[in-house]
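Dear colleague,

Please read them with the structure open beside you.

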Amino acid sequence: MTAGTVNWLGDPLVHEGVVERRFDLDVEGRTVPALLWTPERATGARPLVLFGHGATRDKRVDYIVALARHLVREFGFAALSLDAPGHGDRRANPMADDMQRFADFLSEWSRPDTVDDVIAEWKAALEVVRRLDEVGDGPLGYWGLSMGTIYGVPLVAAEARVQVAVFGLMGLVGPTRDRLATDAGRVTCPVAFLQQWDDSLLPRQQVLDLFDAIASVDKRLHAHPGEHASVPVEEIEFSVAFLARHLATGAGAGPR
């Protein structure tokens, strides 16, 4: 691909009224794999939710696919997910085990340009999909936990069109903690933040510090007992309802 080009891959897949399309996007010489979900036979602008996956996962991790399909079927939204640097189809070694994948994530997290690269990739993907008749220029939402928050907070801070966000499972820790704190102070849209109270990966106070740093007037913290990955199903359901409530109000999601 040449710079700035998009390559749609294969035929669209249709599953119970949801159309899934794969594409690769060239961003500053980097190939960024992406997935887009839209309602079958959709036309007209509609809300679009951006999904950021967790560390060692990818754009097609089960929970993202399930949430994206739910938003498309139940609300007529569109959804978009990208492979973060070093993840999914961008892994240098697709056969690496979980320990190596986590080590690779830590290395990527320490790379000085990682946050700005991800922001540029999301913005480029947004421009591509919003030119499509079935997506258009409707309101934007963001959903991303753990690594999805590491990159998601700076993205939402940089992208004024995002009207609502779901973050969580992250605190002011790691190599980008100063950037995260600064960008959290620029996030002003409604935010739902999920925390696991017994998370052994993240010190409790640093998680609370990140929530406190978010500048939004409308923000709420939902905390539950349990480890990092043990988010209760009802909280995931709440997060989807939170997005839908803010994005569907007066948005005119259009025909499904």
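**Cavities and a buried residue**

The lining of the second largest cavity divides by class into 2 nonpolar, 4 polar and 3 charged residues. Please bear in mind that this is a predicted model. The residues that line this second largest cavity are Thr56, Gly86, His87, Arg91, Ala92, Asn93, Ala96, Arg101 and Asp104, and the space within it comes to about 40 Å³.

In total, 2 cavities of 30 Å³ or more were counted. The largest cavity holds about 100 Å³ of space, and of the 14 residues that line it, Gly52, Leu82, Ala84, Val118 and Trp122 are the closest to its centre. At least two residues of that lining come from each of the helices α3 (114–129) and α4 (147–158), while by class the lining of the largest cavity consists of 8 nonpolar, 3 polar and 3 charged residues.

I also looked at Phe193, which sits in strand β8, spanning residues 191–196. Phe193 counts as buried because its relative accessible area is 1%, where the cut-off for buried is under 20%. Leaving aside residues up to four places away in sequence, Phe193 touches Phe167, Gly168, Met170, Val207, Leu210, Phe211, Ile214, Arg220, Leu221 and His222. One of these contacts, Gly168, is 25 residues from Phe193 in sequence, yet the two lie 4.8 Å apart in space, C-alpha to C-alpha.

With best regards

Conventions. Residues are numbered from 1 along each chain as its sequence is written. This is a predicted model: local features need pLDDT of at least 70, side-chain atom pairs count only at pLDDT 80 or more; totals for chains, interfaces and linings use all residues. Side-chain values use heavy atoms; hydrogens and water are left out. On a 1 Å grid over the protein atoms alone, a cavity is a set of points where a 1.4 Å probe fits but cannot get out, and a pocket is an open set with protein on both sides within 12 Å along at least five of seven lines; lining residues have an atom within 4 Å of a point. Grid points are joined across faces, edges and corners, and a volume is the space filled by probe spheres set on the points. Helices (H or I, at least four residues) and strands (E, at least two) are DSSP runs, numbered from the N terminus. Ala, Val, Leu, Ile, Met, Phe, Trp, Tyr, Cys and Pro count as nonpolar, Asp, Glu, Lys and Arg as charged, and the others, Gly among them, as polar. Buried means under 20% relative accessible area, exposed over 50%, partly exposed in between (1.4 Å probe, protein chains only). Contact means heavy atoms within 4.5 Å.
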